[in-house]
Amino acid sequence: MTVQPIRLFGDPVLRTPAEPVVDFDAELRKLVADLTDTMREQNGAGLAAPQLGVGLRVFTFDVDGVQGHLVNPVLDFPDEEEQDGQEGCLSIPGLYFDTKRRLNVIAKGFSEYGDPVQIVGTGLMARCLQHETDHLDGVLFIDRLDPEARKEAMRAIRQADWYDESNPPVIKVSPHGPLTGRRSSPAGRLTAADRSADPFGLGR
Ligand SMILES: [Zn+2]
């Protein structure tokens with residue numbers, strides 16, 4: 001079984017920019033397998049490595065029957081078109097908010113074997129590719145909401161049964177070594193209440 005616990009909002013790993021993958025090795029393929037298995041078990045549309053506590057630029061996706069993964073993704077936007085629609089996140093379970101995204105995206109990156117990959121996404125797939133790439137930069141979808149909606153989202157998060165403000169986060173050491181390149185989150189992001197939960201009780 002390679003299903004792993006998903007880090008929830010409040011875990012600092014979700015706010016830490018991930019590092020590019022350098023070694024396309026067996027360890028990376030195990031990470032992709034773990035992401036895929038965990039995403040499927042949770043019926044998720046996508047899952048990024050930081051959500052499993054691993055600070056590497058890798059995510060998996062499963063949208064409308066199209067499954068895959070992308071390593072070191074870079075997004076291109078072929079036009080200016082936008083979409084608005086419900087978005088959620090396995091790290092913020094049970095909460096969904098209308099989130100503006102670009103409608104069309106071209107994601108370039110690599111397979112787990114280091115082969116170049118390009119994914120052209122529209123609609124839900126484009127939304128997923130943007131959401132998962134955001135995770136690799138320490139950005140969560142609630143950051144994309146307008147201030148009023150973000151306030152409402154934070155209220156809902158604080159009231160969620162999985163949110164435990166009194167319990168400090170536990171950082172599991174990943175098999176890929178300690179995270180580097182940590183930075184303080186940019187102003188305007190949700191950081192104050194964002195550092196204090198261990199909703200999975202990993203430390204207990
Ligand atoms: Zn997410």
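**View 1. Helix α1 lies across strands β1, β2 and β3.** The direction of α1 makes about 35 degrees with β2; axes are lines fitted to C-alpha atoms, for helices over the stretch in contact, and angles run from 0 to 180 degrees between N-to-C directions. Helices (H or I, at least four residues) and strands (E, at least two) are DSSP runs, numbered from the N terminus. The model is predicted: local features need pLDDT of at least 70, side-chain atom pairs count only at pLDDT 80 or more, and totals for chains, interfaces and linings use all residues. Residue numbers start from 1 along each chain as its sequence is written. Contact requires two C-beta atoms, placed from the backbone, to lie within 7 Å.

**View 2. The buried residues of α1 line one face of the helix.** They are Leu-28, Leu-31, Asp-34, Leu-35, Thr-38 and Met-39. A residue is buried if 20 or more other C-beta atoms lie within 10 Å of its own, exposed if 12 or fewer, and partly exposed in between, with C-beta atoms placed from the backbone. Seen down the axis of α1, these residues fall within an arc of 125 degrees, so they share one face; the arc is that of the directions from the helix axis to the C-beta atoms. They pack against β1, β2 and β3. The 16 residues of α1 reach 22 Å from first C-alpha to last, close to the 22 Å expected at 1.5 Å a residue, where the expected span is 1.5 Å times one less than the number of residues.

**View 3. Five strands form an open sheet with antiparallel pairing.** The order is β1-β2-β3-β6-β7. The edge strands β1 and β7 (116–122) each pair on one side only. Neighbouring strands are turned by 40 degrees against each other on average, direction ignored. Two strands pair if DSSP finds at least two bridges between them. Three bridges join β1 to β2, six join β2 to β3, and four join β3 to β6. Val-74 stands opposite Lys-108 in β6.

**View 4. Phe-59 sits in the largest nonpolar core.** A nonpolar core is a set of buried Ala, Val, Leu, Ile, Met, Phe, Trp, Tyr and Cys residues joined through C-beta atoms within 7 Å. This core has 39 residues, and Phe-59 is among those that touch the most other members, with Leu-31, Leu-35, Ala-49, Leu-56, Val-58 and Leu-129. Elements giving two or more residues to the core include α1 (26–41), β2 (58–63) and α2 (123–136). The largest share, five residues, comes from α2. Phe-59 is the bridge partner of Ala-48, and the bridge partner of Phe-59 in β3 is Leu-70. Not counting residues up to four places away in sequence, Phe-59 touches, among others, Leu-35, Glu-132, His-135 and Leu-136.

**View 5. Asn-43 and Asn-72 take a positive phi.** Most residues other than glycine have a negative phi. Asn-43 lies in the loop between α1 and β1, with phi near 55 degrees. It is exposed, with 8 other C-beta atoms within 10 Å. Asn-72 lies in strand β3, and its phi is near 50 degrees. With 19 C-beta neighbours inside 10 Å, Asn-72 counts as partly exposed. In the hairpin of β2 and β3, which has two residues between the strands, Asp-64 takes a positive phi near 50 degrees.
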